[in-house]
Amino acid sequence: MRMMKPMTKKLLLGIPTVTLSAVLACTVAGCGGSAPSGSAGSSGGSAPVQEKPKAYDSQTVEVAGITYESVAHGTFYRGDAKLQDGFYLHIKITNNNTKNRTFSSFNVHAAQGDLEAGDPLFTSGKAAVLDYVASEAPDELHEGIDLSERSDIGPGETVEYVYFWAPKTAYYGPITVEFVDAYAPAKNHEAMHFDTTGCETKEFKAAGGVADSGDAANMTGIDCASYSIEAADGYTLDSSNEEHEKADFFHDETGGRLHISIFPRSPEEEVASLEQVYEGKETTTDQVEYNGITWLRFTGPDNGHTLFATAPATGETVRVSIGWKIDWDAAVPMMEALKLK
């Protein structure tokens with residue numbers, strides 16, 4: 001039987017495992033990052049005058065004969081170009097099978113929230129799914145690991161790898177990482193749970209980022225000059241821009257999109273413009289009322305809905321574009337949640 005190898009092929013290049021682990025542990029516990037809240041290393045009794053770094057709490061899961069052991073995790077700064085923090089996970093990958101395993105034989109996903117393995121959110125492309133951004137990883141976190149070379153893992157071999165993700169919007173809270181067997185994803189999957197609450201880096205704060213998790217950007221809705229809205233049940237905020245008063249929401253069941261924005265022309269002018277676009281095709285225009293506001297509702301030939309109303313506070317025309325995948329009954333909760341100012 002072959003002996004398990006702590007380092008193999010080109011994944012590790014000239015730096016001992018103990019040294020690399022120490023570098024990453026320093027990043028988490030004492031060099032600007034934080035370990036999960038409630039992790040090992042805290043002690044009872046009265047709180048010390050000066051807070052001590054939290055010890056790293058490792059996790060291990062096994063999927064389809066491959067063991068994944070977390071060595072370190074934490075928040076990293078994506079650099080001056082992005083001015084954003086991200087999340088990294090350094091793991092040991094051990095092949096317990098009798099045949100080689102490639103990196104393409106398993107998938108690793110990360111998403112915001114305390115999720116279960118196999119949750120459809122991981123592969124939905126929604127806002128809560130973290131983007132894999134290995135190309136932007138800080139060199140000091142993967143020194144000795146070649147992220148571009150992902151060779152086969154032989155029977156009994158152990159390799160180390162570092163995954164890097166970034167949220168689409170500033171986020172500090174629970175993160176779930178899912179490990180999936182690419183050949184049987186429906187039944188072979190496990191998850192690790194982490195918490196990035198309070199893990200903002202010094203660089204991110206210096207660049208004008210949020211001061212703490214309590215001031216993190218709203219991940220469920222938007223509050224701007226003309227309107228405010230929180231995602232209704234069954235919807236997920238995909239992106240928002242308060243300055244430009246734009247927001248995109250996913251309808252979880254159908255994958256349809258609902259987009260809110262502002263336009264300079266009056267609701268009547270906007271509807272007239274759409275009627276010209278679809279001239280000769282079957283369309284309808286009527287009125288609906290929500291939260292004391294009367295909306296002009298234009299229904300196109302594809303059964304998609306576009307609504308217009310004037311925000312009293314700003315005089316701007318608020319436009320709600322509802323994709324054809326979302327029927328009107330499913331759209332009503334969002335219209336009820338939308339409040340014009």
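Me: Before we count anything in this predicted model, what is a salt bridge here?
Reply: A salt bridge is a side-chain nitrogen of Lys or Arg that sits within 4 Å of a carboxyl oxygen of Asp or Glu. Keep in mind that the structure is a predicted model. The cut-off to remember is 4 Å.

Me: How many salt bridges does that rule give?
Reply: One is Asp-223 with Lys-341, another is Arg-265 with Glu-270, and Arg-297 pairs up with Asp-286. By this rule the count comes to three.

Me: How many residues apart in sequence are the parts that Asp-223 and Lys-341 tie together?
Reply: The closest N and O atoms of Asp-223 and Lys-341 are 2.3 Å apart, so the pair meets the rule of within 4 Å. Asp-223 belongs to strand 9 (residues 221–223), while Lys-341 is in the segment after strand 18 (339–340). The parts tied together are therefore, in sequence, apart by 118 residues.

Me: And Asp-223 itself, is it buried or exposed, or in between?
Reply: Its relative accessible area is 45%. Buried needs under 20% and exposed needs over 50%, so Asp-223 falls in between. For Asp-223, the label is partly exposed.

Me: In the Arg-265 and Glu-270 salt bridge, which residue is buried?
Reply: The closest N and O atoms of this pair are 3.2 Å apart. Arg-265 has a relative accessible area of 37%, so it counts as partly exposed.

Me: Which strands hold Arg-297 and Asp-286?
Reply: These two form a salt bridge, with closest N and O atoms 2.6 Å apart. The pair links distant parts of the chain, eleven residues apart: Arg-297 is in strand 15 (residues 293–299), and Asp-286 is in strand 14 (residues 284–290).

Me: What is the relative accessible area of Arg-297, and what about Asp-286?
Reply: Arg-297 counts as buried, so its value has to be under 20%. Asp-286 is partly exposed, which puts its value between 20% and 50%. The values are 13% for Arg-297 and 28% for Asp-286.

Me: Where is Leu-147, and what is its relative accessible area?
Reply: Leu-147 lies in the loop between strand 5 and strand 6. Leaving aside neighbours within four places in sequence, its contacts include Ala-134, His-142 and Phe-164. Leu-147 is buried, with a relative accessible area of 16%.

Me: Why is helix 4 largely enclosed by the rest of the structure?
Reply: Helix 4 covers residues 328–337. Among its buried residues are Trp-328, Val-332 and Met-335. Helix 4 is largely enclosed because the buried ones number seven of the ten.

Me: Zooming out, what share of the residues in the protein chain is buried?
Reply: The chain has four helices and 18 strands. Its accessible surface comes to about 16,800 Å², of which 49% belongs to carbon and sulfur atoms. Of the 341 residues, the buried share is 48%.

Terms used
Residues are numbered from 1 along each chain as its sequence is written. This is a predicted model: local features need pLDDT of at least 70, side-chain atom pairs count only at pLDDT 80 or more; totals for chains, interfaces and linings use all residues. Side-chain values use heavy atoms; hydrogens and water are left out. Helices (H or I, at least four residues) and strands (E, at least two) are DSSP runs, numbered from the N terminus. Buried means under 20% relative accessible area, exposed over 50%, partly exposed in between (1.4 Å probe, protein chains only). Accessible areas come from the Shrake-Rupley method with a 1.4 Å probe; for residues, only the protein chains shown count as cover. Contact means heavy atoms within 4.5 Å.
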